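Subject: Two-chain model for you to look at

Hi,

Here is the model I promised to pass on.

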Amino acid sequence: MTVKAAAASDDAHFQFVSFRVGLRAFGVDIVSVREITQWAPTTALPNQAAYTLGVLNLRGTIIPVHDLRVRFGENPTPPDETHVILIVSISGQTIGLLVDAVSDIVTIHPDAILPVPAQVTTAQADALCGLVQGDDGMVAILRLDHLFETPANAA
Amino acid sequence: MDDEEDYTALFFAECDELLGDLQEHLETLLAGQNTDDAEEAVNAAFRAVHSIKGGGAAFGFEALTSFAHQFESVMDLCRSGTLVPTESVVQVMLRASDAIELLVNAARESQDCDDPLIARVSAELAEFHDQPAPAAPPVEEVQTEPAPATTSELTEHSKISLIPHPDIFASGHDPLKILRDLGALGAVKATCVGTLPKLSDLDLMSCPLSWDIEIDTQEPRSAVLDRVSLYSEFADFERVSKEAILPEPVPEPPLRAEDPSVAPQSPPVSTQQRRAPTEQNARKSLRVEVQRIDRLVNLVGEIVITQSALAQRLEHLGSQTDDALSHAIEAMAHQTRELQEGVMAIRAQPVKSVFSRLPRIVRDLSDKLGKPARLELSGEHTEVDSTVIEELTEPLTHMLRNAMDHGLEPPDDRIAAGKDATGLITLSAEHRGERVLIKLSDDGRGIDRDRVLAKAQANGLVGESETLAPHEVDQLIFHPGFSTAQTVSDVSGRGVGMDVVKRKLQSLGGRCVLNNQPGKGTEFIITLPLTLAVLEGMVIVSNAARFILPLSAVIEALRIDDCSVEILPEGRKILFYRGEYLPLFDLSDCLGMPARDGSAGMAIILDSGTHGLFALQVDDLLGQRQVVLKSLEANYRQVEGVSGATILGDGSVALIIDIPALTALGTAAQITLHPKQEVA
């Protein structure tokens, strides 16, 4: 789901959930967000990427949880209940994102989403689909389907 | 459109069942000595083909319909006694049932079927038709190329009236389709008769109207008869003038008579009477989408988990709880268990659906190998969860092929050995506690241990000087490296051997035991769980995390202090267990978990299935419990070393260890450790 597509179908406004990971602010399209739950202990999986914390029982469904701090090159998020898991759906699968705190739901005009400068070609830039200048600084909107290696985009 | 697709899917689902029935009835016919049985079998087979024909016509599968018609008319000859169902006749029918299966599959894929078998069988069927007194010409010719009217036949105005049955729509038909179909014969003039009920009384699913039809056709009368007879289950046709168009209502027992005794032998008198049993039967069983049942099974799984969480909470409260509460929780435990059993029973299917395909394999192979053989089935009605049924066909077929190819001797050898020339293979199923026990045995030559050993030595599986106990030699056939080197025969050895069978069974939580009596025969005993939705597991702790080991693979749990653990020069650990050294792996290491702080307290002896026994070092053993299997793939992906996950009583997730994969992870560098473990 790109920002443009969402905007076109939604009468010229774009809503995203903003959250903090370390010192930085990120946002995801509100359409992808299923729910927000408190941190809970996860069960580690063998031989997975460093950012994959493990799996969690979400009312009878097993979902993977990824630590966004690790994904963006920081130290692991301390495992405690001050953190929050954002449950999102990406191409039919439900996954959890461990973040520091959810800040707000923001409604903006699609034109307010600025492109990521083309010169920036880090692994992180690929996972972003736009930048928004907010009151407290920049919010990077995540491109969820490029965030993690999945069977679909691993090849 | 969606509706149409739904109906088509339903039709094909029904076809699969009908084809199974057909096969079975033809088998009965082939085996039947008793004339009553034979008669019933012909009738039942006829009904199956007739239903396929009717459905095929409704959906416009021309090739299928015309073939079914041809097939049906041959069986009709048997029913009327014009044709005696001798063995050769039944053989043709069996081939015809293969052909019809091809046609059904082609129709399912919306493809044309140009398999030569169809034309061949079609010709064979036509032959029967020509033998007795001239009956109606094969319908095919009429449909594909309308024969030019022979001079002797006059243009005939056929007047008939079409009275659809009230349930015509429910059966997937449509009067319009019938009219259009008749239109293929010539100009059709249809006049609607009947009164429309008041709109408030109108039932959208029934057809209150009927039509008077005039067909201006050049076709012989028999063609009109044939066209119309296709729909005789869904509508009545009355000849307006002259004699009745349908020769006599065909005895049309219910479509889906579960109990053969329900199927009437004598032609019923009227339509009403004829259809009554169908309605009754419809109430007896329901067609439900598997997905709905699966959802129910999952939900019940949740309830079981929640229930055990509740019970655990209560235990923590200890003595403070009042009796009424704990009694209620206990009652609930019973009820949830019963609920789970009830829901699982919905999904249970008799193993018959797998077994019924096997006699034909035996028959085909008998011909191919020149080894007459008989397959005796028993316990076909044993019910197993459909998840297991689906997975069972492949290994069973493979084992049966093996028995035919390698097990049974050629007839001359059998006679020389004082056995009956016809080989006997028996296959049985029965419930044994929470598992199903399947036995496949043959009375052939058994496994030649000298040959097996020689082959294993040639393949380097066993050292030249090694001596193996007889049962160890037998086990060699399960070794992955064994069958690939065998001479490839057309029938069984294609590089897929018993190791594949055993691994498959193991992945289903099953076990396979071989009982070899050289000269007398071979017996395979398979035990499988009744379902793949729940699993009996052993809960263990390793590195502070809980894991589930499938109980089917667990041989024994030992305290590590009581065992003698040795360390080989290169640092690998081995454990002495009942007279042999087993490789000892640490679960934590196998799964690549971070270094542990605690010490391993237990060693679990496990059966890897293909690589013999091995020992797994874990921290602690918490006990046994039934767990509900959850997939990791649904929201993530497959994880090596793990076959799935489950939710424990406290709501946390525990991983279920995939034992065969674990040995692969652990043994990767250990092949040369001790050759005997490989094969033991």
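How many of the 155 residues of chain A, as a percentage, count as buried? The figure is 31%, where buried means 20 or more other C-beta atoms within 10 Å of a residue's own, exposed means 12 or fewer, and partly exposed is in between, with C-beta atoms placed from the backbone.

Some housekeeping before the rest. This is a predicted model, so local features need pLDDT of at least 70 and side-chain atom pairs count only at pLDDT 80 or more, while totals for chains, interfaces and linings use all residues. Residues are numbered from 1 along each chain as its sequence is written, and chains are lettered from A and ligands numbered from 1 in the order in which they are written.

**Chain A**

The average pLDDT (the predictor's confidence in each residue, from 0 to 100) is 83 for chain A, and 85% of the residues score at least 70. Residues 1–10 of chain A are below 50, and this stretch has 17 contacts in the model beyond near neighbours in sequence; a contact means that two C-beta atoms, placed from the backbone, lie within 7 Å. Where pLDDT is low, the predicted coordinates should not be read in detail.

Chain A has three helices and 11 strands, counted as DSSP runs (H or I of at least four residues for helices, E of at least two for strands) and numbered from the N terminus. Along the sequence they come as α-β-β-β-β-β-α-β-β-β-β-α-β-β. Among its contacts between residues at least 6 apart in sequence, 54% join residues at least 24 apart.

**Where A meets B**

The contact involves 18 residues from chain A and 21 residues from chain B. On the chain A side, β4 (52–58), β5 (61–67) and β7 (93–99) are the elements giving two or more residues, and β5(A) gives the most, with four residues. That side divides into 11 nonpolar, seven polar and no charged residues. Here Ala, Val, Leu, Ile, Met, Phe, Trp, Tyr, Cys and Pro count as nonpolar, Asp, Glu, Lys and Arg as charged, and the others, Gly among them, as polar.

**Chain B**

Five strands make an open sheet with mixed pairing, in the order β6-β8-β9-β11-β10 (chain B); pairing takes at least two DSSP bridges between two strands. β6 (373–378) and β10 (511–517) of chain B are at the edges with a single partner strand each, so one side of each lacks a neighbour in the sheet. From one strand to the next the twist averages 15°. Within the sheet, β9 (435–442) and β11 (521–529) of chain B are antiparallel over eight bridges, with Ser441(B) opposite Glu523(B). Helix α18 (498–507) of chain B packs on the sheet, touching β10 and β11 of chain B, at about 140° to β10(B). Axes are lines fitted to C-alpha atoms, for helices over the stretch in contact, and angles run from 0 to 180 degrees between N-to-C directions.

Strand β19 (613–618) of chain B is also worth a look: six of its six residues are buried. One face carries Leu613(B), Ala615(B) and Gln617(B), the other Phe614(B), Leu616(B) and Val618(B). β17 (580–586) of chain B runs parallel to β19(B) with three bridges, and Phe585(B) stands opposite Leu616(B). With β18 (602–607) of chain B, β19(B) pairs antiparallel over six bridges, Ile605(B) being the bridge partner of Ala615(B).

Finally, helix α3 (62–80) of chain B has 14 of its 19 residues buried and is followed by Gly81(B), with a positive phi near 90°.

Cheers
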